[in-house]
Amino acid sequence: MKFKAIKSFRDDSGKRFSRVVELGVDELAEGEVVIRSRFAAVNYKDARAVTGAGNVIKQFPCIPGIEVSGEVESSSDARFKPGDWVTVQGGRAFGISRDGAYSEYVRAPADSVYPVAEGFDAFSVVALGIAAYTSAVAVEALEHHGLRPDQGEVIVTGATGGCSSFAISMLAGLGFSVVGMTGKSSETGYLESIGCARVVGRDVQAQFTRPLDEQLWAGCIDAVGGAPLDFVLRTMKQRGIVAAFGNAAGETFTTSIYPFILRSVTLAGVNANHPVGARGSAWTRMGAGGNLRPQALERIVHRISFDELPAHCEALISGGVRGRAVVCF
Ligand SMILES: NC(=O)c1ccc[n+]([C@@H]2O[C@H](COP(=O)([O-])OP(=O)(O)OC[C@H]3O[C@@H](n4cnc5c(N)ncnc54)[C@H](OP(=O)(O)O)[C@@H]3O)[C@@H](O)[C@H]2O)c1
């Protein structure tokens, strides 16, 4: 039986590229569990892998895609049987140093396969996936710091992105007044529909240039790093908290010590690269009925076909899409 997959290659000159290939199960990386793919997510990282724009793939050739769900086709491990609904996501190998999600059939080591747990189904486990989990970990960082809705507005940068859209919906659901910062003024209606009380453009940064400027935000979830993170730090309120997890605007940023020593601002880093089995409360609170389940899930997520995936990755890299795409096989 032959099926379609996207495979990433690196040529002799070091150029990275991907193309659609036809494969058999025996040509996939080894593993005990064969899964008939149903849904796969498209993260910023996946788009960088498919387009070759980023140094994501660590072993070529490789099928990219770091999150999939589907039905077990066969398993040589007793924990799984044909017909079980499962997901593979998180960790440092799947879709990076071994074949991943963008394939009609996936073969994975049993230890990296998780049943679709109560509160999730095959679609929502991937639609939420790493993006919503990352946002949930960031929200928990704000909660652990003691941030409450009555302390002021919370700004979310890269607002129309997948992770940020979930963060907005979660924070709004918890009663916070959320400000979305975006480069896409045309998406103001979308951002208000998923929970923003108001929306500011990225160009707002030009109005606040002093090392310590007006105190605007009690909290921040930052998905972009770079200059917007510097802006946010300079405009935080006393004892404000910033949870940062992304680099879409840049890997480095410039700041002064003043937000930290004169306003007691906290900068909390978020690494959410955890397998499903190690995700704890931030994951279970996103299950059906949980208080971190994004109420705007269906507005944030849109479905694309496998054939649309390469073009979608190009658009995502150029910053031209909103929300989160899920590939339906
Ligand atoms: N630490 C972790 O564990 C973890 C986990 C998941 C993701 N991440 C990171 O989180 C970030 C967001 O991931 P995602 O999947 O949500 O990506 P995404 O859907 O592509 O969203 C990124 C958003 O950032 C904004 N943006 C893009 N280019 C920008 C630029 N040059 N300057 C300022 N803003 C820019 C855009 O929003 P607007 O147009 O609305 O501004 C874009 O929609 C990525 O950097 C990703 O690597 C980290």
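Biologist: What makes the shell around the ligand a matter of both domain 1 and domain 2?

Modeller: The shell draws at least three residues from domain 1 (3-116 + 299-328) and at least three from domain 2 (129-269), with bounds that come from an automatic or database domain assignment. This is a predicted model, in which local features need pLDDT of at least 70 and side-chain atom pairs count only at pLDDT 80 or more, whereas totals for chains, interfaces and linings use all residues. Residues are numbered from 1 along each chain as its sequence is written.

Biologist: How many residues surround the ligand, and which are the closest?

Modeller: The shell has 31 residues, and the closest are Gly158, Gly161, Thr182, Gly246 and Ala249. A residue counts as near if its C-beta atom, placed from the backbone, lies within 6 Å of the molecule. Two or more shell residues come from each of α1, α2 (122-144) and α3 (162-173); helices (H or I, at least four residues) and strands (E, at least two) are DSSP runs, numbered from the N terminus. By class, the shell has 14 nonpolar, 14 polar and three charged residues. Nonpolar means Ala, Val, Leu, Ile, Met, Phe, Trp, Tyr, Cys or Pro, charged means Asp, Glu, Lys or Arg, and the others, Gly among them, are polar.

Biologist: How far apart are the centres of domain 1 and domain 2?

Modeller: Taken over C-alpha atoms, the two centres are separated by 30 Å. The contact between the domains takes 13 residues from domain 1 and 15 residues from domain 2, where contact means C-beta atoms, placed from the backbone, within 7 Å of each other. On the side of domain 1 that touches domain 2 there are four nonpolar, five polar and four charged residues.

Biologist: Why are α1 and α9 called roughly perpendicular?

Modeller: Helix α1 (residues 44-51) and helix α9 (residues 309-317) cross at roughly 115°, their axes coming within 9 Å; they are therefore roughly perpendicular to each other. Residues Tyr44, Asp46, Ala47, Arg48, Val50 and Thr51 of α1 meet Pro310, Cys313, Glu314, Leu316 and Ile317 of α9. The contact of α1 with α9 divides into seven nonpolar, one polar and three charged residues.

Biologist: What is the peptide bond from phenylalanine 60 to proline 61, and where does proline 61 lie?

Modeller: That bond is cis, with omega near -15°. Proline 61 lies in the loop between α1 and β4 (67-75).

Biologist: What is the phi of arginine 239?

Modeller: Phi is near 60° there, a positive value in a residue other than glycine. Arginine 239 belongs to strand β12 (residues 236-244).

Methods
Axes fitted to C-alpha atoms, helices over the stretch in contact; angles between N-to-C directions. Parallel < 35°, antiparallel > 145°, perpendicular 65-115°, else oblique. Contact = placed C-beta atoms within 7 Å.
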